[in-house]
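Please look over the sequence and the structure, then read the points below.

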Amino acid sequence: MKRIPTNIITGFLGAGKTTAILSLLARKPENEKWAILINEFGNVGVDGVILDQQGAIVKEVPGGCMCCVAGLPMSVGINALLAQKPDRLLLEPTGLGHPKEIINKLTSDTYRDYIDLKATITLVDPRQFSDPIYTDNQNFQDQIALADILVANKVDQSQPDDLRAFEQYADTLTPAKAVLGHVEQGELALEWLDVERLERQASHSHHHHGHEEDAAPLPGLELAPGQQFIRRENSGQGYRSCGWFFATDLVFDFSKLFTLFSNLNAQRVKAVVNTERGCFAFNVVNRVVSVNELSLENFESRIEVIDKERLPYDELETILCSLTSEK
C-alpha cells in the first residue's frame, strides 16, 4: 500500500485541537477519505463522537497517554485505521500528552513503509503565555518544541499583549518553525498538512504517567438494564478528570446545564448531551462556554471535567442527575 500522509495535531488543554480538525474535515477534498486517531485524557470519549459527525473514520484511545501500556492501544488504533486505506491520517493526542513517543512510534521500522509523517502542528492559546500554569508545564513546553508548525489560535479572543508574548516565545525557539500561524476558530490552512517534518528535540524526556486504572484495559462503556449512568475517573501529569456516561433515555435541561458549566470552577469541561432542545456539544475553557448543535439520535450523553484539583465529584454528580428527566 502507499504511504499515508500523516500529521500529529497537538496542543495543551483548551487550545482548540478538535475545533481545528473539524475545520479541516469541513474543507478536505471531497474525494478523499480521512482517518483520525483520538486520545483523550478522560475515559468517556467526547471528542470522538463530535468528529464522527463529519464522516471521518475515527478510533479512540481513552484514558490518558496513547503511547502508554507498551504502545499497544496506539498500535491497535493505527492498524485498524490503516486497514481502511485512508488518504490521510490525523492523530490528536490528549492535551496533557507528550508527542515525542508518538513521533518515535510513527517513524519506527514498524510503520516506516506505511506512514509518511509530515509536519507536527501545535496549537496554542496566546493568552496562556501569561500564565505559569501553562508556561511552567513540561508538556506544554515540549509540545511547542516538537512542533514544525506553531499556531496561535483564538487570536480574535486575545489582546495585543498576548500576541506579543506568543511572538517573543516563538523567537527564542531553535530550530525555527517552518510556519508561525495566527488563526481564529482553528482555521488551519490545508497546505500546512503537507509541510515536511524536521527532526526536533524536546527539553524534557517523556515519562509514562500513572492512572487510577493502573493502565489496565478499560471496561466497556455499556450500561446495565435500568442503570442510568457510569462514572469514570483518571489522573496523571498533575491533573484529574471525572467523566459521566448517561443513558439514552435521559434528557438534560439545556439552560440549567449551560448555567452549571458557566459557574463550574474547572479548567476544562467537554460534553455531548441530549437536551430538550436536541443534542449539543458543550466546550468549556475556564468558565467560557461554547455550544454546537449535533445531529445525533438515541445517544448516550457524555460529560468530562478536567482540573488540577480533585473537585467535589459526588456533589457535581448529584447536581447533574437533578438536571435530567426521562424522555
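A residue counts as buried at under 20% relative accessible area, exposed at over 50%, and partly exposed in between, with a 1.4 Å probe and protein chains only. Helices (H or I, at least four residues) and strands (E, at least two) are DSSP runs, numbered from the N terminus. This is a predicted model, in which local features need pLDDT of at least 70 and side-chain atom pairs count only at pLDDT 80 or more, while totals for chains, interfaces and linings use all residues. Residues are numbered from 1 along each chain as its sequence is written, and side-chain values use heavy atoms, leaving out hydrogens and water.

**Strand S4**

- All of Arg88, Leu90 and Glu92, which point one way from S4, and Leu89 and Leu91, which point the other way, are buried.
- In a regular strand the side chains alternate between the two faces of the sheet.
- S4 spans residues 88-92 and is mostly covered, with 5 of its 5 residues buried.

**Partners of S4**

- Strands pair here if DSSP finds at least two bridges between them.
- Strand S1 (residues 4-11) pairs with S4 in the parallel sense over 3 bridges, and Thr6 stands opposite Leu89.
- Strand S2 (residues 34-39) also runs parallel to S4, joined to it by 5 bridges, and Leu37 stands opposite Leu91.

**Helix H9**

- In H9 (residues 313-322), the residues Tyr313, Leu316, Glu317 and Leu320 are buried.
- These four lie on the same side of H9 because they cover an arc of only 105° around the axis, the arc being that of the directions from the helix axis to the C-beta atoms.
- An α-helix has 3.6 residues a turn, so residues three or four places apart point the same way.
- Asp314, Glu315, Thr318 and Ser322 are exposed on the face of H9 turned away from its buried side.
- The buried residues of H9 pack against several elements, among them helix H8 (254-263), strand S9 (229-236) and strand S16 (324-326).

**The whole chain**

- The protein chain has 9 helices and 16 strands.
- Of its 327 residues, 56% count as buried.
- The C-alpha trace spans about 55 × 50 × 40 Å along its principal axes.
- Among contacts (heavy atoms within 4.5 Å) between residues at least 6 apart in sequence, 73% join residues at least 24 apart.
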